[in-house]
Each structure stands twice: as structure tokens, then as C-alpha cells.
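Please report on how this chain is packed.

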Amino acid sequence: MSDVGEEITDIEQGGGGEGGEFTETEYENLGDRLQSSCCGICIGLLLFFGAFPLLYWNEGRAVERYEALNEAEAQVTTVFDPWDVDTANEGKLVHFSVNITNGDNNNDSNNGGLTDPIFGIAAPNALQLHRHAEMYQWVEDKTTRTTKTYGGGKKKTTTYSYSKEWKDYLINSYNFKNQNGGQYQNPSTMEFTSETFTADKIMIGAFQLPEQLINRINWDEDLDVTLENITNEELRGRAESYDGGYYFGYDSINNDNDVYNNDTTTAVSTSSSSSFGGGAQVGDQRVSFRETPPSIITIVGVQSGGTLGAFVSETGEGGDVLLFKQGNLTSVEMFDAAEEENKFATWLIRLAGFAIMTFGLYLVFRPIEVFADIIPFVGSIIGCGLIFMAVLISSILSLVTISIAWLVARPEIGAIVLCVSLAVVGLCAFGVKKFGKKKNEDDFIAAVGGKVVEAPSTAAPPEQSCGLLVGVLMCSCFPPKRSFSSAMLPIYSFSNFNVDRNTYMYSVDRSTLL
């Protein structure tokens, strides 16, 4: 069982927006650590074996996505007048650039735009209106420091610190590790919360923007407001202008001043709790607004009546193709950007699969490190060695898995990548063996006083083998439409970056033995 000791190292009364600290110390003996690490073997095995299907699926997904994008690019038609729905393009994949506008005229605003229902703030031509609300609250931060002790134990020290910060979400102070007699207490509700208002109908020329693209509208900007813009008289009387928005002292939000029983957090008057007076107090709120104005956009989608839909490949694989970006872009630029996004996603999942496999192997090996922690510095050294071993094994297995996936998806490329991958693994193994043999021969020469004879070696040095490994990984990322010569170029470049380095083979002059 673990022994837990707790002590409060420092508790201050939080003047000026800062609180104290609470420290918890936990001790874990060698037996508990070994038991925990042995249980981790099962999790490690699941992660290790789960990484293989993830890496394999990712390569197939990348190829299917490239094929879908290439198929769509070959069929796309550019529309030069998107303000007119041409029935001849019905069901076809079209591309055009046009201003995106608010087509909804059913709001309360005189100009037919968006209006905040609480404050009455209007954005006549905006596509979206964003209300951003924050509240000054107590925040708990946790830092943990772990040290090893002699005998294989472990000491974990967790420090909880408390401070006041502006947050746009409600923090439940009842979940704090230490409430310090009720000092670290936040209000239970926020009167004003963040919210986004979107036009019911957003138009792109004569077409309505597909609903699934609304979350891709992301070019909002600040909307400066004044007290006169608040249509609610009661709110206007409680608010103060603050940095282009509004400030509300806690007493103006909740008149119950008995919420806190500590003088340092008791709500004060609006004038002293605002930024213009004695500093913010817990429970104060500030509200600001942003709007998304009309802009020129470029879209690629299948014309379907008065809107656009997603393109689906003939095989149904590769995902939907519905491209949307701000700016005036050609169809080639749109598809190039989509291919870059696919490449980024492919590498991201590759790294995730590699990391999962590495961590799984480390969990499998970890009982060795824990047992070696009987002497802390020995356990740390062995731990570093186990991490290196896990990284090395995962690199080789990830590369082979990716190669096999390409072999299935694109045999002409996959066969080459797999052969080169196996060759790299063989070169690495041969390089390790060669340098081990060289060390033994050096020791023997030193023992018998032999002579060293220099001779060129046909074995690739380790740095060249590593270069080949990097090159193969880069090669497997290229889309199928690239030629074989361009795909293999990175392998040549990386494997020859240090080709002028000389390696040496040693032999013993037999005459010294006579």
C-alpha cells in the first residue's frame, strides 16, 4: 500500500488576486511499483499491437484520398457567373469564387442582420455575431514532481496553487483539493455566457452555403460597442465601458453580498470592483463582441439545386470532396491545398502510430527499469536504454508496416519501398556488427602491438543507413501520381549526405606474431 502524507506548506489570504499553495506528498514502495508496472504490460501490449492496424489503415486512407482528389480535379468545371444558377451544371462538380453574404432578412434589426437578444447589439451585415463572456474566478493549478528513492521506491510531490484569473467558462470550486476554509470559492452561475449567433441563410452568389461548411467560417474580427448600443436599459445602467466591451461588477450581477465569508473576496461596489477602481474581484464579468463580416470565398462542390453538395468518387472511397476557403483561388490551388492537408494528416497519424507503438513497448519493458531502480541512477540509465530500444524497434516495425500497406495499395511503389526498407534494416544490423568487430580488433592490436593497415570498406556507415531510413519514410509520403524517379530522390539525397566520409578496416600484421 502507498503511504500518503499531506501538509499545507503555505496558505496566504489571497490579497491582490493571488492565493496560497497546498502540497501533497505520496510515497510508493518497490512492491507497489512492480505490481503497477506488471499491470502496465497488458496495456502496453494492447497499444503495441493496436498501432499496426492504425499505421496500415492510414496509408490506405492517404492513397484513397489522393485518388478521390485526383478524380475530382479531373472533373471540375469553373463557373464564371455564380450569381446565376445554370441548370446545365446540375450534378456536376463546380468551382467558383464569390462574395459570401448574409441572406437572412428576418431579424429585428432595421437593416436585417444579427442581434444579440440580451444586449441588443446589432451586426447588420455580419454572417455571425459572437458574444464572448468571462468571469474572474479562483483557478487551481497542479504541478507534480517525482523523485526516486533508494530501495526502488518513489516519492511524488504534488503542489496545488491558487490564483484569480479571467475564464470564459465556470469553474466549480467545490472540486478544489483545498478550499482554505471557503476562501477559494467561485459563484455557482454566470449571468452572461459566450454564444454565437449565425444567420439562418448564408448566400454564396445565387447558392446557399451548405450547412456543413458553416463551422469553416473563421475570419471574425472585433466589434467595438458603447453603452448606447445596449438596448436593455437595466443592463445599460449596470454596465461600464471596458476595452471595447462591457464590465459588470459582481454586486451588480448578484446583490447577495453574503456569498463570501472572507473579507478579501467579498463583493464590493461596481465602481471599486471594476478596472477603474480597486481591481477586479471574484465574480466580476466582462463581455465583448466579435463579428464575421462578408468576404470573398472559393468553393468546390457538386451543384444540387440552389446549393452545393460533396463529391464522392466512383468507388465511394477517399471521403467527401467539398472544398471551401477564404480568398480568390483557382481550382488548382484549391486541390493543391487539399493534398497538402491530406499529407499533413498522413504524417500526423504516422507519428501518432509510431508514438503509440513506442509507448506500448516501453510499458512492456518498464518492469526492468522499476526493478533496477533499487539503485536510482542505475534505473535511470537502464530506463534511457529501454526507451532507445523501444524507439529503434518501433521505427523498424513502423517502416515495414507502412511499406506493406503501400505494397497492397500501390504494388509498383510498395515493392520498392519494402525492398529498400529491408535493405536499410540489414545495413543497420551489419553496421552494428562491423563496428563491434572493429572494436574487438582494436583491442587485440593493442594487446599484441600489431600494425594498422588502412583499407576501404564496402559497408555503409551508420549515418548513411540512418539517411536511407529517413529517405524511405519521406518516399512513402508522396502521392501515387508522382513518378518513380521523383519518389526515390529523397532516398538518394539523404543516403549520400555524408558519402565522402572514410571508413577503415583493420588487420594484424602477422610478422609481429613471430
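Ring pairs join Phe119, Phe192, Tyr246, Phe248 and Phe289 into a cluster. The model is a predicted one. Its aromatic pairs number 17. Two of them are set out below.

| Ring pair | Distance between centres | Angle between planes | Class |
|---|---|---|---|
| Tyrosine 242 and tyrosine 247 | 5.5 Å | 70° | edge-to-face |
| Tyrosine 246 and phenylalanine 289 | 6.3 Å | 75° | edge-to-face |

The pair of tyrosine 246 and phenylalanine 289 links distant parts of the chain. Tyrosine 242 counts as partly exposed because its relative accessibility is 23%. Tyrosine 247 counts as buried, at 1% relative accessibility.

One charge also sits over a ring. Arginine 350 lies over the face of tryptophan 347, at 4.8 Å from the ring centre.

**Nonpolar cores**

In soluble globular proteins, nonpolar side chains tend to be buried together. Here the largest nonpolar core has 37 residues. Phe96, Ile100, Phe119, Ile204, Tyr246 and Phe289 have the most contacts inside this core. Six strands each supply at least two of its residues: S4 (93–102), S7 (128–148), S10 (202–204), S14 (245–248), S15 (285–292) and S16 (295–304). Strand S4 gives the largest share, four residues.

What does phenylalanine 96 contact, leaving aside its neighbours within four places in sequence? Its partners are Val79, Pro82, Ile204, Phe207, Ile297, Thr298, Ile299 and Leu308. Another core, of 13 residues, lies apart from the largest one. Ala68, Ala72, Leu93 and Phe311 are among its members.

**Helix H6**

Helix H6 spans residues 376–409 and contains isoleucine 402. Is isoleucine 402 buried or exposed? Its relative accessibility is 3%, so isoleucine 402 counts as buried. The C-alpha atoms of isoleucine 402 and glutamate 59 are separated by 6.6 Å, although the two residues are 343 residues apart along the chain.

Serine 394 is also found in helix H6. Serine 394 counts as buried because its relative accessibility is 0%. Not counting residues up to four places away in sequence, serine 394 touches Phe354, Met357, Thr358 and Leu361.

**Cysteines**

How many disulfides does a search of the whole structure find? The search finds zero. Cysteine 39 is in no disulfide, and the nearest cysteine sulfur is that of cysteine 42, 6.9 Å away. A pair of cysteine sulfur atoms must be within 2.5 Å to count as a disulfide. Cysteine 384 counts as exposed, since its relative accessibility is 54%.

**The chain as a whole**

The protein chain has nine helices and 18 strands. Of its 514 residues, 42% are buried. The accessible surface of the chain comes to about 26,600 Å². Carbon and sulfur atoms account for 56% of that surface. Take the contacts between residues at least 6 apart in sequence: 72% of them join residues at least 24 apart.

Terms used
Residues numbered from 1 in each chain as written. Predicted model: local features only at pLDDT ≥ 70, side-chain atom pairs only at ≥ 80, totals over all residues. Heavy atoms only, no water. Buried < 20%, exposed > 50% of the residue type's maximum accessible area, 1.4 Å probe, protein only. Core = buried A, V, L, I, M, F, W, Y, C linked by side-chain atoms within 4.5 Å. Contact = heavy atoms within 4.5 Å. Phe/Tyr/Trp six-rings, centres within 6.5 Å; stacked < 30°, edge-to-face > 60°. Lys NZ or Arg CZ within 6 Å of the ring centre and 35° of its normal. Areas by Shrake-Rupley, 256 points an atom, 1.4 Å probe, with all protein chains shown as cover.
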